[in-house]
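Please read it alongside the sequence and coordinates.

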Amino acid sequence: MEATSSDLQRTPLYAEHLSLRAKMIGFSGWEMPIYYTSIVTEHRAVRERAGIFDISHMGEVEVSGPSAQEWLNSMLTNNLARLEIGEGQYTLMLNERGGVIDDLIIYRRFEETYLLVINAAKIAEDVAWLQDHCPEGITVADQSRLFAAVAVQGPKASELFKAIAELPPRNHIAKFTIGGVPSLVARTGYTGEDGFESFFPAETATAVWSTFLELGESFGLSPCGLGARDTLRMEACYPLNGSDLNAQTTPLEAGLAAFVDLKKTDFVGRDVLVQQQANGLTRRLAALKLAPKSAPPRAHYPIYFGTKQVGELTSGTQSPSLGTGIGLGYVEIEFSKPGQALTVDVRGRKFPATVEKKPLYKRAC
Amino acid sequence: MLVPEDLKYAETHEWLRVDTDNVGTVGITEHAQAELTDIVYVELPQVGTKVTAKQATAVVESVKAASDIYSPVSGEITEANAELESNPALVNTEPYGKGWLFKIRLQDKGELSNLKDAAAYRAQIGDE
């Protein structure tokens, strides 16, 4: 599982993580902090105050040129025509079979210039896919190496940012100067809390990181690792590509129909989705909550109804906010509705679980 | 890191305290609990189960992952720490005390010589 450190890339904040005594692990080809103190401590910091995450491993791709919108609309599931300049949306890039290549956030930066923020493990694949399909006159530029990025998440995130400016509205992106560094700031995140993600030149990463840590000091801002990022996103029921999404799962099965505009005349994978919708889904990504005191569920544990296996978990953990096991998994459609009682097999022992409405955790306001 | 002098240690970070009449208590070391962090579930062996040394005998789960716990010696399980069912975090807070995992009747006291003393275990974890 864990690759040796020599195979792994390091973000520009690597030295900062070491000086904070982070526990480092291999993730998607990157050597990243899994936690600094403990996953639960950092999870709570984000739910109660604010946390800062190094997300420099994520990819940034700029697509520009006349008719960039029209072309990108043919490559992605959501409808870009809805975006004003400075606005972003969650969307998916599919293969011809309707399976997920990547899920991403796309921002409209200028009239015909878009910024795509993509998953670390998928940078090479996404860029190659886009460039292979790219018509003349449109540029697909992989800027992943140029950018470092952090996410600041939690109920105190917007207050903390007030020392610089008011945050842009939800899903919007704008340029600010942070610690003397021109940075893009987007009101988005992967934790289920309010917050923002900031993108800035790689060589300025330490300056921006330190500026946020200083600004955050009086708000109890804590550095947080990938461990808390994973437990937070599972409570919020945000899928993780490579675990909950892959080339064999469609966004309809994953419960992401809100980010798929089938009214668009065409996009890669559309025909399969239209067909799937007409025929009816056979399975769906369900959110499960286990009975109190159950063993923590993990990815690949089988899901049962009685003695019949009806699915498999794709993600699972002990939820720090709910104090019980939670998981996401594809379940046969007739067993996937909220309220359905199921069991999860942990090392041969079946623990009771219920299908819940998503998200499993929702912030107070 | 606390490494009590009166315990025996396995390379896989379990400790063993030999009590009277050939019964030993097994737990995980402070170093091990610090590496695991946030222990949320412990799966313990049934009393009466016979195990051999280095056999996976219990499972300790943190938020992050499930970890097998290996019996340092061969023998029969005589007791499992029922308190961990309601309070698994005891393994974090009192790894050498209330956070013990199970007791085992030693089959062969000779196996004790395969385990490390405190100094050797300290050297293993790089703790002076």
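In which strand of chain A is Asp102(A) found? Asp102(A) is found in strand S6, residues 100-110 of chain A. The model under discussion is predicted. Asp102(A) is buried yet has no salt bridge. The nearest side chain of opposite charge, that of Lys122(A), is 6.6 Å away, and a salt bridge requires a nitrogen-oxygen pair within 4 Å. The side chain of Asp102(A) does have a polar contact of 2.9 Å with that of Asn241(A).

Thr11(A) is found in the segment before helix H1 (14-19) of chain A. Thr11(A) counts as buried because its relative accessible area is 6%, the limit being under 20%. Its side chain is joined to that of Asp54(A) by a polar contact of 2.6 Å. Glu42(A), in helix H2 (residues 39-48) of chain A, is buried as well, with a relative accessible area of 1%. Between Glu42(A) and Ser222(A) there are 180 residues of sequence separation, but their C-alpha atoms are 6.8 Å apart in space.

**Salt bridges**

Side chains of opposite charge can pair when their charged atoms come close. Over all chains, the structure holds 20 salt bridges.

| Residue | Partner | N to O distance |
|---|---|---|
| Glu159(A) | Lys156(A) | 3.7 Å |
| Arg233(A) | Asp244(A) | 2.7 Å |
| Glu5(B) | Arg122(B) | 2.8 Å |

In the pair of Arg233(A) and Asp244(A), the N and O atoms are 2.7 Å apart. This pair links distant parts of the chain, 11 residues apart: Arg233(A) belongs to helix H7 (residues 226-235) of chain A, and Asp244(A) to the loop between H7 and helix H8 (270-279). Both Arg233(A) and Asp244(A) are buried.

The salt bridge of Glu159(A) and Lys156(A) is made by partners in another setting. Glu159(A) is partly exposed, with a relative accessible area of 38%, and Lys156(A) is partly exposed at 31%.

In chain B, Glu5(B) and Arg122(B) meet in a salt bridge of 2.8 Å. Their pairing spans 117 residues, from the segment before strand S1 (8-9) to helix H4 (residues 118-124) of chain B. Glu5(B) counts as exposed, because its relative accessibility is 58%.

A network of salt bridges links Arg298(A) and Arg347(A) with Glu43(B) and Glu61(B). Arg347(A) lies in the loop between strand S18 (341-346) and S19 of chain A and is partly exposed, with a relative accessible area of 37%.

**Backbone features**

Most residues other than glycine have a negative phi, and most peptide bonds are trans. Arg347(A), however, has a positive phi near 50°. Thr37(B) likewise has a positive phi, of about 55°. Thr37(B) is found in the loop between helix H1 (30-36) and strand S4 (39-43) of chain B and is buried, with a relative accessible area of 7%. The peptide bond from Lys358(A) to Pro359(A) is cis, with omega near -5°; Pro359(A) is placed in the segment after S19 of chain A.

**A positive surface patch**

Arg170(A), Lys357(A), Lys362(A) and Arg363(A) form a positive surface patch. One of these residues, Lys357(A), is found in the segment after strand S19 (349-356) of chain A. Lys357(A) is exposed, with a relative accessible area of 65%.

Definitions and conventions: Residues are numbered from 1 along each chain as its sequence is written. Chains are lettered from A and ligands numbered from 1 in the order in which they are written. This is a predicted model: local features need pLDDT of at least 70, side-chain atom pairs count only at pLDDT 80 or more; totals for chains, interfaces and linings use all residues. Side-chain values use heavy atoms; hydrogens and water are left out. Patches are made of residues with over 30% relative accessible area and no salt bridge: like charges are joined within 9 Å, nonpolar side chains (Val, Leu, Ile, Met, Phe, Trp, Tyr) within 5 Å. Accessible areas come from the Shrake-Rupley method with a 1.4 Å probe; for residues, only the protein chains shown count as cover. Lys and Arg count as positive and Asp and Glu as negative; His and the chain ends are not counted. The place of a charge is taken as NZ of Lys, CZ of Arg, CG of Asp or CD of Glu. Helices (H or I, at least four residues) and strands (E, at least two) are DSSP runs, numbered from the N terminus. Buried means under 20% relative accessible area, exposed over 50%, partly exposed in between (1.4 Å probe, protein chains only). A polar contact is a pair of N or O atoms within 3.5 Å; within protein, one must be able to donate a hydrogen and the other to accept it, and residues adjacent in sequence count only if both atoms are side-chain atoms.
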